[in-house]
Amino acid sequence: MGKAARAGKTATRKVKLALQGGGSHGAFTWGVLDALLEDGRIEVEAIVGTSAGGMNAAALAQGLAEAGNEGGRRALAGFWRRIAALAAASPLQPTWLDRLMSPGNMDFSPAWRLSDLLNRQFSPYERNPADLNPLRDLLAELVDFDRLRATPGPPLFVCATNVLTGRLRVFSREEMSAEAVMASACLPMMFQAVEIGGEHFWDGGYCGNPPIFPLIYMGGGPDILIVQLNPINIPDVPRSVGDIIDRVNTLSFNSSLMREMRMIHFVTGLIDRGELSDDRHIRLFIHMIEAEEELARLNAGSKLNATSAFLAYLFELGRSRALAFLERHFDDLGVRSSTDVAARFL
């Protein structure tokens with residue numbers, strides 16, 4: 001059955017999107033969103049994103065405002081193609097041996113090894129005192145934030161971490177700007193803290209990757225679809241310095257999501273036991289699209305690999321997982337969770 005036939009025969013389902021960050025692994029999310037939008041049966045009710053998830057969220061919101069689902073697909077494709085074009089001019093390239101050994105790792109790349117060493121020895125204030133960032137310029141060019149703030153559309157949230165207080169800052173659609181999105185993606189060993197309104201921000205992943213509570217507090221439908229990039233489980237104990245640091249970061253970036261999932265599980269249990277009224281409390285249905293096995297085999301270097309071949313691999317992986325989700329779990333939307341929260345997060 002074709003896409004148009006499916007859309008005609010089946011009512012659409014409203015879904016709130018929660019998009020994790022993970023550098024260039026965000027191209028997996030691009031693939032997921034492309035398949036969901038193409039299918040035509042999913043209505044995006046709200047979006048929350050962190051880091052690369054925030055960039056995907058901003059591009060998606062702009063596209064939806066311009067031309068609906070097809071506009072969203074075009075905006076996301078345009079953003080990631082420009083990312084690949086920027087990467088083509090960068091010295092951070094996988095070698096032929098890297099390509100032979102992995103779809104995205106850069107273990108044998110001299111430029112990656114040098115960059116990694118410099119990042120450990122010199123702060124971004126020392127390496128880049130002018131705070132030059134082509135990604136910020138690209139985002140400002142591709143997303144019309146003035147129009148985005150003024151145009152009606154799904155609620156949009158991007159989060160960042162206040163450097164001085166450690167508190168999570170959630171920027172709403174009405175506050176959205178290139179600076180807010182870049183603050184959400186500001187890894188402190190790579191970029192200078194982003195200043196907004198006299199406050200300084202680092203990557204939102206330290207406090208919420210992504211935060212779920214904005215999607216709960218806004219009300220609306222019960223379905224939350226998480227696109228997960230940071231593996232919860234990995235196959236081997238990290239042994240190299242880079243792998244250990246990457247795992248520490250992954251644990252940190254997943255911790256807030258796991259806490260929120262535990263709370264959701266707890267509240268759902270209270271509703272099920274009749275200790276909370278389900279007409280006064282939202283029973284949430286949690287869904288997840290991930291490729292944990294494949295992404296767990298990729299290391300920290302791969303998150304800076306934005307070559308067109310690697311982004312295409314992630315895009316197709318994301319599309320395939322989204323299509324499988326729709327095939328298996330579309331009928332769960334609005335009815336039940338398709339993810340066993342207890343088994344995955346507790």
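**Notebook: a pocket and a cavity**

I began with the lining of the second largest pocket in this predicted model, and sorted by class it has nine nonpolar, four polar and seven charged residues.

I then looked up the volume of this second largest pocket and noted about 370 Å³ of space. Which residues come closest to its centre? Of the 20 lining residues, I recorded Ile234, Asp243, Ala296, Leu298 and Asn299 as the closest.

Next I assigned the lining to secondary structure. Helix 11 (241-272) and helix 12 (292-296) are the elements that give two or more residues to the lining of the second largest pocket. Helix 11 gives the most, with four residues.

How many cavities of 30 Å³ or more does the structure hold? I found one.

I listed the residues around the largest cavity: Gln62, Ala65, Glu66, Asp144, Arg147, Leu148 and Thr151 line it. The elements that give two or more residues to this lining are helix 3 (52-88) and helix 8 (145-150). Which element gives the most to the lining of the largest cavity? I noted helix 3, with three residues.

Finally, I sorted the lining of the largest cavity by class and counted two nonpolar, two polar and three charged residues. For the second largest pocket, my entry stands at nine nonpolar, four polar and seven charged.

Key
Residues numbered from 1 in each chain as written. Predicted model: local features only at pLDDT ≥ 70, side-chain atom pairs only at ≥ 80, totals over all residues. Heavy atoms only, no water. 1 Å grid on protein atoms, 1.4 Å probe; cavity = no way out; pocket = protein on both sides within 12 Å on 5 of 7 lines; lining within 4 Å. Points joined across faces, edges and corners; volume = space filled by probe spheres on them. Nonpolar A, V, L, I, M, F, W, Y, C, P; charged D, E, K, R; others polar.
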